[in-house]
Each structure stands twice: as C-alpha cells, then as structure tokens.
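Subject: Handover of a structure

Dear colleague,

Please read the summary with the structure open beside it.

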Amino acid sequence: MTILIDQPELGSQPEKLYSETIELVLDGGFPVPKDGFMAPEINSFGNSFRDYDAESERQKTVEEFYRINHINQTYDFVKKMREAYGKLDRVEMSIWECCELLNDVIDDSDPDLDEPQIEHLLQTAEAIRKDYPNEDWLHLTGLIHDLGKVLLHPSFGELPQWAVVGDTFPVGCAFDEANVHHKYFKENPDYNNPHYSTKNGIYSEGCGLDNVMISWGHDDYMYLVAKENKSTLPPAALFIIRYHSFYPLHRYGAYKHLMNEEDVENLKWLHIFNKYDLYSKSKVRIDVEKVKPYYLSLIEKYFPAKLRW
C-alpha cells in the first residue's frame with residue numbers, strides 16, 4: 001500500500017435490539033429475525049435512531065459537528081475538494097485493506113454509534129445478505145458504502161470530521177429546512193448569496209442529481225473511487241454509495257425537484273438499503289474472519305485487485 005498525503009487547505013475546524021424469534025444465524029454470528037430484518041427501536045445509547053435532540057453522551061458532540069459542517073460546506077469548498085481528491089493520487093490499496101483501516105475510525109456525527117466503522121459495515125452487509133441472498137452486489141455495497149471515511153485516518157491525511165461525515169445536502173441552491181440543525185446554515189457564506197439562495201439556485205428542475213454538487217464527504221469520495229477504478233457494480237449501487245447520507249432527500253423528500261427519472265428508480269434501492277444502514281447499528285459483534293472469504297470473493301468480482309484512492 002502506497003500512501004501520499006497532500007491535503008488542500010480547509011476552513012475553520014473545530015438492550016433489546018431484535019425480535020426474540022430468531023430463525024437463522026449468518027456466518028460471523030449475526031442474528032436475524034424470523035420474518036426478515038426488523039428495525040430495533042433504540043440505538044446503542046438507549047435513544048431513538050437519529051434523535052438529534054435526545055440527551056446523550058454524544059448529543060453535544062454531534063450538534064457541534066453540524067454547526068461547523070454547515071458553516072464550512074460552501075459551493076467553492078466542495079468544488080475544491082472534488083478537484084483535489086478526484087485525482088485519486090494519494091493511495092493504492094485493495095478494498096479489504098481499506099476496510100481494515102477503518103478499525104481506527106469513529107464517526108462523531110453519528111448519534112447512534114460509537115463502534116469502529118468496520119463493525120457497522122459488516123452488520124449492514126450481513127443483514128442485507130439474509131433478506132436479499134441473490135443480490136450479491138447489494139451485499140458488497142453494504143460492506144463498502146462507508147469506506148470513504150478513511151479520509152479521517154491519520155495515514156490518509158486526517159481530514160476534519162466535518163469534511164468527511166454527517167448528512168449531505170446540495171450546495172449551489174437554498175438549504176432546505178429538512179436539513180438537521182438547519183439554523184447553523186445562516187453562518188454559511190452561501191446563505192445570502194443571490195446565486196445560491198433560491199430553490200433551484202444554479203440548477204434547473206429535473207436536471208438530475210448527477211449534475212448537482214453535494215456537500216463534500218465520504219459518500220462522494222467513495223463514489224469517485226468506485227467509478228474511476230472501473231467498478232462493475234450496477235448504477236443503483238453507485239447511487240447508494242453516493243447518496244446514502246443524503247437524508248434530506250431519502251428520509252424527508254426534500255430536493256426531489258432536482259431529480260430525473262433515473263434518480264427516481266435508483267432511489268427505490270436506496271430506500272431499501274437505508275433500513276439496513278441505519279438500523280443495523282447495534283452492539284451485535286461480527287466474526288470478521290468467518291465472513292471475510294465471502295466478501296473477498298465479491299470484491300474480486302466487482303473491483304480490480306488494487307485501486308487508486
């Protein structure tokens with residue numbers, strides 16, 4: 001694995017989980033409910049999922065994260081980051097090597113999870129595998145969807161959390177009130193920019209999300225890695241990877257006026273995926289070595305042995 005670090009400049013930085021009736025245990029010891037995956041009612045901290053107002057040990061950290069994120073994620077910032085990281089000239093490594101790097105990463109924007117990311121990736125993938133056994137591309141998507149979070153790793157440049165994780169949203173148009181902690185956008189330089197402050201902004205209705213600039217983070221980065229390394233994953237997989245943190249869209253229906261027909265079709269798969277991405281976050285542990293051979297076979301099927309990152 002070859003690592004080169006050259007960061008662009010950044011702005012200011014700053015237990016009952018499943019149905020009791022269990023029919024099957026997948027490789028690695030992941031329990032699944034008899035009638036398919038059932039979403040738990042509470043997260044690892046005893047609160048409802050994505051409850052950004054609940055008093056918990058992470059709530060203050062999460063809100064401060066979004067304050068900084070909303071101030072700094074401007075159209076110009078996103079453009080600069082896409083240009084810099086789109087060169088994919090920092091790292092050469094395999095998909096599994098990237099998974100292992102995530103053992104040291106915890107996402108400060110997530111109110112539901114404080115485990116290393118590799119646990120969440122495998123929880124997601126194994127839950128999908130049970131309910132959609134014939135969609136191996138979806139299993140692999142579950143495994144790799146958060147790999148862009150290696151941008152947080154010290155050996156990878158260690159970008160600040162606000163530039164890597166958290167809910168994503170379009171830049172270049174008005175910030176919809178469906179965005180969590182919307183109030184902090186008022187300090188974003190784009191908030192009062194007449195070019196960016198209308199509903200469509202610099203875009204046109206129905207232009208397609210592929211033509212819309214989305215706040216910079218691990219989603220867009222992993223999408224660029226997969227696309228530029230000629231992954232053979234289907235378009236729906238790339239859509240999931242790119243927009244799985246776009247909660248204002250797939251949870252609240254905001255920004256739909258920017259979508260085209262292809263986006264509408266791919267969004268159906270993202271809605272399916274999101275249930276597993278969000279609600280598989282739990283204290284259930286996965287035996288990595290038992291499931292590793294299966295996922296290595298999928299990686300070999302859909303990706304080259306080494307990728308540019």
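**Helix 2 and its cover**

In helix 2 (residues 75-85), the buried residues are Tyr75, Phe77, Val78, Met81, Ala84 and Tyr85. Here, buried means under 20% relative accessible area, exposed means over 50%, and partly exposed lies in between (1.4 Å probe, protein chains only). Helices (H or I, at least four residues) and strands (E, at least two) are DSSP runs, numbered from the N terminus. Helix 1 (59-72) and helix 6 (218-228) are among the parts that cover the buried residues of helix 2.

**Basis and confidence**

This is a predicted model, in which local features need pLDDT of at least 70 and side-chain atom pairs count only at pLDDT 80 or more, while totals for chains, interfaces and linings use all residues. Residues are numbered from 1 along each chain as its sequence is written, and side-chain values use heavy atoms, with hydrogens and water left out.

The protein has a mean pLDDT (the predictor's confidence in each residue, from 0 to 100) of 84, and 75% of its residues reach 70 or more. Over residues 13-34 the pLDDT stays under 50, and the model has 59 contacts (heavy atoms within 4.5 Å) for this stretch beyond four places in sequence. Residues 39-50 also have pLDDT below 50, with 38 contacts in the model beyond near neighbours in sequence. Where pLDDT is low, the predicted coordinates should not be read in detail.

The search for pockets used a 1 Å grid over the protein atoms alone: a cavity is a set of points where a 1.4 Å probe fits but cannot get out, and a pocket is an open set with protein on both sides within 12 Å along at least five of seven lines; lining residues have an atom within 4 Å of a point. Grid points are joined across faces, edges and corners, and a volume is the space filled by probe spheres set on the points.

The largest pocket holds about 200 Å³ of space. Its lining consists of Asp210, Tyr223, Pro235, Leu238, Phe239, Arg242, Tyr243, Asn260, Glu262, Asp263 and Asn266. Two or more lining residues come from each of helix 7 (235-243) and helix 9 (261-279), and helix 7 gives the most, with five residues. By class, the lining has five nonpolar, two polar and four charged residues. In this scheme Ala, Val, Leu, Ile, Met, Phe, Trp, Tyr, Cys and Pro count as nonpolar, Asp, Glu, Lys and Arg as charged, and the others, Gly among them, as polar.

Helix 7 is mostly covered, with eight of its nine residues buried. These are Ala236, Ala237, Leu238, Phe239, Ile240, Ile241, Arg242 and Tyr243. Pro235 is also in helix 7, but Pro235 is exposed, with a relative accessible area of 52%. Beyond its neighbours within four places in sequence, Pro235 is in contact with Glu262 and Asn266. Pro235 and Asn266 are 31 residues apart along the chain, and 7.7 Å separates their C-alpha atoms.

**Cysteines**

With a disulfide taken as a pair of cysteine sulfur atoms within 2.5 Å, the count comes to zero. For Cys98, the closest cysteine sulfur is that of Cys99, at 6.3 Å, which is too far for a bond. Cys207 is likewise in no disulfide, as the nearest cysteine sulfur, that of Cys173, is 8.9 Å away. Cys98 is buried at a relative accessible area of 0%, and Cys207 is buried at 18%.

**Individual residues**

Leu140, in helix 5, is buried at 0% relative accessibility. Leaving aside neighbours within four places in sequence, Leu140 is in contact with Leu233, Leu298, Ile299, Tyr302 and Phe303.

His181 lies in the loop between helix 5 (136-144) and helix 6, and is buried with a relative accessible area of 12%. His181 and Arg67 are 114 residues apart in sequence, yet 7.4 Å apart in space, C-alpha to C-alpha.

Lys230 is in the loop between helix 6 and helix 7 and is exposed, at 64% relative accessibility. Tyr255 is in the loop between helix 8 (247-250) and helix 9 and is buried, at 4%.

With kind regards
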